[in-house]
Amino acid sequence: MHIAHEDHLLATESALGYSQVLATTTGKSLKGCSIVAGLRNLRDREGYFLADAVGEGRWLLIESGLSFATPSESAYHRRFMRELFGLQIGLHVASQDLKDLYVTYEWPVCCMVRHFGGATPIEADGNDVIARAGGMPIAVRKKIGRGGIVYIGTPLGPLLPSGDREAIELARALTEASY
């Protein structure tokens with residue numbers, strides 16, 4: 001398991017949360033998976049590297065950092081996710097504009113986790129959707145090549161150090177899942 005993050009406070013905090021969860025897993029963590037925490041400004045070279053890794057069999061867990069992105073970072077991120085992974089990422093919805101305070105996850109465990117910083121909707125086939133906030137799809141699991149991607153449209157990692165039980169259960173299940 002590899003955890004990467006961008007150089008901003010949210011991503012660093014998020015990566016720390018995932019690291020803490022991984023330190024307490026049962027040892028079944030998926031070795032062919034990488035976590036990209038708080039992503040909001042993927043650069044071309046890094047993006048193509050990740051896309052190649054997915055095509056060769058790696059799974060990526062990408063946690064959106066668009067809650068704290070500039071409009072230009074957001075536009076670039078959405079375009080790049082569409083080009084690299086075929087994901088249609090919508091415009092970020094602020095916390096106060098969401099109908100519900102919780103994200104309902106259907107995979108890899110059924111649970112409700114409070115959202116952090118709003119949510120970024122994703123257009124997806126019903127079979128790919130793994131979570132919704134206010135009825136809006138915000139997380140997907142999509143097979144690509146020999147690997148795939150799990151994209152979460154709201155930060156999960158910053159909730160982990162606070163001891164949020166449902167968030168920890170979800171993060172642990174995501175790292176131990178058989179993709």
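Trainee: What does the accessible surface of the protein come to, and what share belongs to carbon and sulfur atoms?
Mentor: About 8400 Å², with 51% belonging to carbon and sulfur atoms. Areas are from Shrake-Rupley with a 1.4 Å probe. Keep in mind that this is a predicted model, where local features need pLDDT of at least 70, side-chain atom pairs count only at pLDDT 80 or more, and totals for chains, interfaces and linings use all residues. Residues are numbered from 1 along each chain as its sequence is written, and side-chain values use heavy atoms, leaving out hydrogens and water.

Trainee: How many helices and strands?
Mentor: Four helices and ten strands. These are DSSP runs, numbered from the N terminus: H or I of at least four residues for helices, E of at least two for strands.

Trainee: Now α2. Which of its residues are buried?
Mentor: Gly 47, Leu 50, Ala 51, Ala 53 and Val 54. Buried means under 20% relative accessible area, exposed over 50%, partly exposed in between (1.4 Å probe, protein chains only).

Trainee: Why call that one side of α2?
Mentor: Because they cover an arc of only 160° around the axis. The arc uses directions from the helix axis to the C-beta atoms. Arg 45 and Phe 49 are exposed on the other side.

Trainee: What do the buried residues of α2 pack against?
Mentor: β2 (33-39), β3 (59-64), α3 (71-85), β9 (136-144) and β10 (147-152). Contact means heavy atoms within 4.5 Å.

Trainee: And just after α2, which residue takes a positive phi?
Mentor: Gly 57, at about 120°.
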